Amino acid sequence: MAWLCGGKSNSELISNMAKSSILKSDRVAKGMTAVDRANFVLDKAEAYEDSPQSIGYGATISAPHMHAYACEHLLPYMHPGAKVLDVGSGSGYLTAVLHHLVQSEDKANPGKVVGIEHVSELTEWSIQNLKRDGLGNALESKEIEMITGDGRQGYAAGGPYNAIHVGAAAPTIPEALIEQLASPGRMFIPVGTYEQKIIHVDKDENGRITQQDIMFVRYVPLTDRDKQV
């Protein structure tokens, strides 16, 4: 069902995901509606297909239904004013959606999303994409911050994070990312090599860590820049 959710427009894509019960919450639907996927892909003609697309440098933008699943699973931890880390931020698409989910009118606690990507060219492209999608002010205010770095090490300076999304598969769960989770907090991460699955890593109010297997998936690997082709 997930792969049949594509549409001819952003609104049709999101409507089809809602009809298929992939999108369950109005908040996530509204957040995804606010971001035009065409601003974050190379092939504009296929922007609203429910499939992953290459964005160069051995990286991809995930299929829209996987971004929807990620947002739904992280939503309980993404209240207005929350801090979120997007590892392997690529074109910046999901970073933009996450921003809309956590932005707040409270100027003292406006919400923040950090996107970290180890390909500097993609970081620069993502910034341009975000500006094209109307988020220049969020970049200027640092409500969105795009960083070039090793996502496996996270970005401790911006944490702790209420939610962490990882957009590439790690052989094991990076300890640095667990450390940077807030209490409470949740990480959504694909783990494995030949066989991969999404795992929830939850940290409760007392810092206790639990893990839950969610679904089998296929992601590009979370790896070094020089090993990415």
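Reader: In which helix is M66 found?

Author: M66 is found in helix α3, residues 64-74, where helices (H or I, at least four residues) and strands (E, at least two) are DSSP runs numbered from the N terminus. This is a predicted model, in which local features need pLDDT of at least 70, side-chain atom pairs count only at pLDDT 80 or more, and totals for chains, interfaces and linings use all residues. Residues are numbered from 1 along each chain as its sequence is written, and side-chain values use heavy atoms, with hydrogens and water left out.

Reader: Does M66 count as buried or exposed, and why?

Author: Buried means under 20% relative accessible area, exposed over 50%, and partly exposed in between, with a 1.4 Å probe and protein chains only. M66 counts as buried because its relative accessibility is 11%.

Reader: How is a pair of aromatic rings described?

Author: Such a pair is described by the distance of the centres and the angle of the planes. Rings of Phe, Tyr and Trp (its six-membered ring) pair if their centres lie within 6.5 Å, and planes under 30 degrees apart count as stacked, over 60 as edge-to-face and the rest as tilted. By this rule there is one aromatic pair here. The ring centres of F40 and Y93 are 5.8 Å apart with their planes at 75 degrees, so this pair is edge-to-face. It links distant parts of the chain, since F40 lies in the loop between α2 (26-33) and β1, whereas Y93 belongs to helix α4 (residues 93-102), 53 residues apart. Both F40 and Y93 are buried.

Reader: How many bridges join strand β1 to strand β2?

Author: Two strands pair if DSSP finds at least two bridges between them; here β1 (residues 53-56) and β2 (residues 59-61) run antiparallel and are joined by three bridges.
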